[in-house]
There are 2 protein chains.
Amino acid sequence: MWKKREAEMEGFDLKAYAEEKRKLINSALESYLPDKADGYEKEIVEAMRYSLFAGGKRLRPILCLAGSEAVGGTSEQVLPFACAIELIHTYSLIHDDLPSMDDDSLRRGIPTNHMVFGEAIAILAGDGLLTEAFRIMTLPRTWEAMEHSRVLKAVNILAEAAGYMGMVGGQAMDIRCQGMPADPGTVEYIHSHKTGALIRASVVCGALLAGGTDEQINALSSYGSSLGVAFQIWDDILDIEGHTEVMGKEGGKDLQLGKVTYPSVLGIDRAKKEAYRYIEKGIEAIKDFGREADPLRAIARYVTERRR
Amino acid sequence: MWKKREAEMEGFDLKAYAEEKRKLINSALESYLPDKADGYEKEIVEAMRYSLFAGGKRLRPILCLAGSEAVGGTSEQVLPFACAIELIHTYSLIHDDLPSMDDDSLRRGIPTNHMVFGEAIAILAGDGLLTEAFRIMTLPRTWEAMEHSRVLKAVNILAEAAGYMGMVGGQAMDIRCQGMPADPGTVEYIHSHKTGALIRASVVCGALLAGGTDEQINALSSYGSSLGVAFQIWDDILDIEGHTEVMGKEGGKDLQLGKVTYPSVLGIDRAKKEAYRYIEKGIEAIKDFGREADPLRAIARYVTERRR
């Protein structure tokens, strides 16, 4: 089965796929949060847009679209949710970069939000993006043509993944454990929550909204969990091996902050092996899907190939 | 009509009503966010609970319950939404108090969140409360017995009221305008958004979820708008006239920060008159409701009677 899937994937062009989806997502994001020429909201919208259009890879929204396609749905029907997910991701980056958190001055090659707009507006821009995500998910035009109970469940899954049981919880432990010796259990908690939860929820929501069966959703949930952990391990490796000009952010920052990471606990070589193992596990989880899950397989492969 | 309502209200005991509702709300909040004896989420939950159970008046959730009752619904059926609203309100207080915002060290008579848990955890506690609000609103047990489209609309109304078109937008302008001469239009924008939007949404959601008609919801929306502005004007007056021991927070803080407030633009006497005018306008908006709206009338009266 596995060999067959690999062979089938030969013809799949991830670069072209991702480029097409990014265009779709960026154009939808632009329509949800257009530039304000004037008015009282001009400045806060400018700050929200600054980070939203700062050249993100759009991994999470692409996963949401690919999750829909994997169960026979379309990108278009889950596009509002994909956009909402990117808003949530962007908010988390703005808040993570704040002086009281990771104190980063550079992100994706440009100054971080608070460096440009000041701390107060950066906090509010994050708050605004997070809240706007839930507004977009619940706009009548988002859900009118969908099964309402699935929409409510998808919002619930995203809120759980983003909140204190997910991303916020992971970030809180990440902050708490800086400079402390950490056990593998804590590293896994931080990574699976800080990064893994939203990545998993992105795929799951796409599939749920597009009418996926429980069995399909469970398989995609396993895929997403594995992908999320692998993604974070690779990020930590890049932080050590990468340089500022390639990464677009300051390299070696984790080490400097005394962060709990896989490479710091396991060493680089074992961390890489762990990442590969998670990727294989993720691809294995969706072995029963046909070619419509090829984008998800290709994304998994890409995670441990990327340089930034 | 007006005289009749006043007479009818004679028998209404707001203190007992509010006390009963507060008990209901506090007990539900406790069940949604119980203390964690251990585990990775222990600390972030502790920080979230610290501000959530710091003695708030529960005005907004009470308005949500009263909004349901005004259209013939019960408190119980909208209780999860009432709790979610209090979480949103609490998050906004934690973020407003941060050093980069209003830099407040005291709130409701006790140290503010960041004074106890540090800035990073305070920001995350706010993020966690905001996100948890949307998780509670979309839990299956919240919506299973309700019309799903009304639930989705209510979530949307709250997200709009809390986000950059509402509370976040008002707070951003508030920060932006500190120390600057402001016109009455700006003062009204700040107040109607920073405070008014969530107060209005609280009543409206209660009524919407309980099956209120469009006409009823519009009337309650007007009531809520007026109440919100009056509430903020009175808050600004108390900030000038009140003392720290009564207010539970530092008095004179607005003046010190060069905040744009009604008293600073109109003077205290005219500001008081404006508050009374808004209260009358709010009560007038719900003149066609019967005794079931007495709690809302009594709450309006209370706004300009309170000392903190």
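**How chains A and B meet in a predicted model**

User: In this predicted model, how many residues of chain A are in contact with chain B, and how many residues of chain B take part?

Analyst: Contact is judged here by C-beta atoms that lie within 7 Å of each other. By that criterion, 45 residues of chain A are in contact with residues of chain B, which number 45.

User: Which element gives the largest share of the side of chain A that touches chain B?

Analyst: The elements of chain A that give two or more residues to this side are helix 3 (42-52), helix 7 (119-137), helix 9 (148-162) and helix 10 (167-176). By class, the side holds 26 nonpolar, eleven polar and eight charged residues. The largest share, twelve residues, comes from helix 7 of chain A.

User: Which residue of chain A comes closest to the rotation axis?

Analyst: Chain A is superposed on chain B by a rotation of 180° with 0.0 Å of shift along its axis, at an RMSD of 0.0 Å. The two copies are therefore related as by a two-fold rotation axis, and 100% of the contact residues of chain A recur in chain B. At 3.1 Å, taken at its C-alpha, the residue of chain A that comes closest to this axis is His148(A).

User: Does Asp102(A) count as buried or exposed?

Analyst: Asp102(A) lies in the loop between helix 5 (79-97) and strand 1 (106-107) of chain A. Leaving aside residues up to four places away in sequence, Asp102(A) touches Asp96(A), Asp97(A) and Leu257(A). A residue needs 20 or more other C-beta atoms within 10 Å to be called buried. Because Asp102(A) has 24 C-beta neighbours inside 10 Å, it counts as buried.

Definitions and conventions. Residues numbered from 1 in each chain as written. Chains lettered and ligands numbered in written order. Predicted model: local features only at pLDDT ≥ 70, side-chain atom pairs only at ≥ 80, totals over all residues. Contact = placed C-beta atoms within 7 Å. Helix = DSSP H or I, 4+ residues; strand = E, 2+ residues; numbered from the N terminus. Nonpolar A, V, L, I, M, F, W, Y, C, P; charged D, E, K, R; others polar. Least-squares fit on C-alpha atoms with pLDDT ≥ 70 in both. Buried ≥ 20, exposed ≤ 12 C-beta atoms within 10 Å, placed from the backbone.
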